[in-house]
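Student: I have a model open and would like to go through it with you. Can we start with the strands and move on from there?

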Amino acid sequence: MDSDLSEKTAFVTGGSAGIGAATVRMLAEAGSTVIVGYNKGQSRATSLINTLPGGGHSTQQITMENSASIKRAADTIKNRHNKLHILVNSAGFTKPIPHNDLDALDDEFFDHMLLANVRGPFSVIRELRPLLQVGGDSVIVNLSSVSGFKGAGSNIAYCACKAAIDTMTLSLARALGPEIRVNTVSPGAVATDFVAGRDRSKLEELAKLSPLQAVVEPEDVALAIMAYVTHLKKSTGAQMIVDSGRFL
């Protein structure tokens, strides 16, 4: 299996922290030139690329719910690179809202969730499609969640967003082949600060309910993303679950 990415360029949205940052590190360690997408974490993104092996890495500001920001980011990438081989849509946000508190899930927040977590990744793909098409064996990995098929998660809108990502990935896999493969990775609860109030002790509690009884680390999810890039060359429209078996 060829795990050498020294001739590849990758863009990771949400790449300054959590799963995105773990993925950035693995891509760079495999030889890829990485563009680290960030929203407000410029200092984190800069600090991250300063620790990466290899050269040519860069940061790129991008706000997923802002169409103009996505267009500017894509134009900047096109000006710097004539090809893109790997796109990882890791950016997104949520906040805990009890599922039975329908009033707390107001229209403004619901719309914001859809813009950032569904339309945003689609818009990034649409803008960068030309670069990916000329990349040769290019791959897009959309970060989804077990919430998309379990209907359990930080809030109802988040579950709906991830279900949309799953279905959109299937549609895009059909539309963008054979030049571009499109897949998803669906984690469960991961040891990041993505969900406010979910600390390590809570994760360890949840892990005890899973068959593997192990907390899922950002690196575990990044390894799944890397598998699509380096090994699963005949997989498109596929979904990989990383949650220690807790969804069973």
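Student: Take strand β2, residues 33-38. How many of its residues are buried?
Tutor: Six of its six residues are buried, so the strand is mostly covered. Bear in mind that this is a predicted model.

Student: Which residues point which way from β2?
Tutor: T33, I35 and G37 point one way, while V34, V36 and Y38 point the other way. Residues on both sides are buried.

Student: What about β1 and β2, parallel or antiparallel?
Tutor: Parallel: strand β1, residues 9-13, pairs with β2 over four bridges. Within that pairing, A10 has V34 of β2 as its bridge partner. Between the two strands the chain passes through helix α1, residues 18-29, and this β-α-β crossover is right-handed.

Student: And which way does β3 run relative to β2?
Tutor: β2 and β3 run parallel as well, joined by four bridges, with β3 covering residues 58-61. I35 stands opposite S58 in β3, and V36 stands opposite T59.

Student: Through which helix does the chain cross from β2 to β3?
Tutor: Through helix α2, residues 42-49, in a β-α-β crossover that is right-handed.

Student: Stepping back, how many helices and strands does the chain have?
Tutor: Eight helices and seven strands. The radius of gyration is 17 Å, close to the 18 Å that the globule rule gives for 248 residues, so the chain is as compact as a globular protein of that length.

Student: What does the C-alpha trace span?
Tutor: About 50 × 40 × 40 Å along its principal axes.

Student: What share of the residues count as buried?
Tutor: Of the 248 residues of the chain, 50% count as buried.

Student: Switching to salt bridges. How many are there in the whole structure?
Tutor: A search of the whole structure finds five. One of them joins the side chains of R181 and D137, at 3.3 Å from N to O. R181 is in strand β6, residues 180-187, and D137 is in the loop between α4 and β5, so this pair links distant parts of the chain, 44 residues apart.

Student: Which other residue does D137 meet in a salt bridge?
Tutor: K233, with 2.6 Å from N to O. K233 lies in the loop between α8, residues 218-230, and β7, so its bridge to D137 ties together parts that are 96 residues apart in sequence. K233 itself is partly exposed at 31% relative accessible area.

Student: What about R200, which residue does it form a salt bridge with?
Tutor: With E204, the closest N and O atoms being 3.6 Å apart. R200 is partly exposed at 41% relative accessible area, and E204 is partly exposed at 40%.

Student: Now the surface. Which residues make the nonpolar patch of about 230 Å²?
Tutor: F149, I241 and F247 make that patch. F247 lies in the segment after β7, which covers 239-242.

Student: One last residue. Where is V118?
Tutor: V118 is in helix α4, residues 107-133. V118 is buried, with a relative accessible area of 14%.

Student: What separation do the C-alpha atoms of V118 and G92 have?
Tutor: 8.9 Å, with the two residues 26 apart along the chain.

Notes
Residues are numbered from 1 along each chain as its sequence is written. This is a predicted model: local features need pLDDT of at least 70, side-chain atom pairs count only at pLDDT 80 or more; totals for chains, interfaces and linings use all residues. Side-chain values use heavy atoms; hydrogens and water are left out. Buried means under 20% relative accessible area, exposed over 50%, partly exposed in between (1.4 Å probe, protein chains only). Two strands pair if DSSP finds at least two bridges between them. A crossover is right-handed if, with the strands pointing away from the viewer, the path from the first strand over the helix to the second runs clockwise. Patches are made of residues with over 30% relative accessible area and no salt bridge: like charges are joined within 9 Å, nonpolar side chains (Val, Leu, Ile, Met, Phe, Trp, Tyr) within 5 Å. Accessible areas come from the Shrake-Rupley method with a 1.4 Å probe; for residues, only the protein chains shown count as cover. A salt bridge is a side-chain nitrogen of Lys or Arg within 4 Å of a carboxyl oxygen of Asp or Glu. The radius of gyration is taken over C-alpha atoms; the globule rule is 2.2 Å times the number of residues to the power 0.38.
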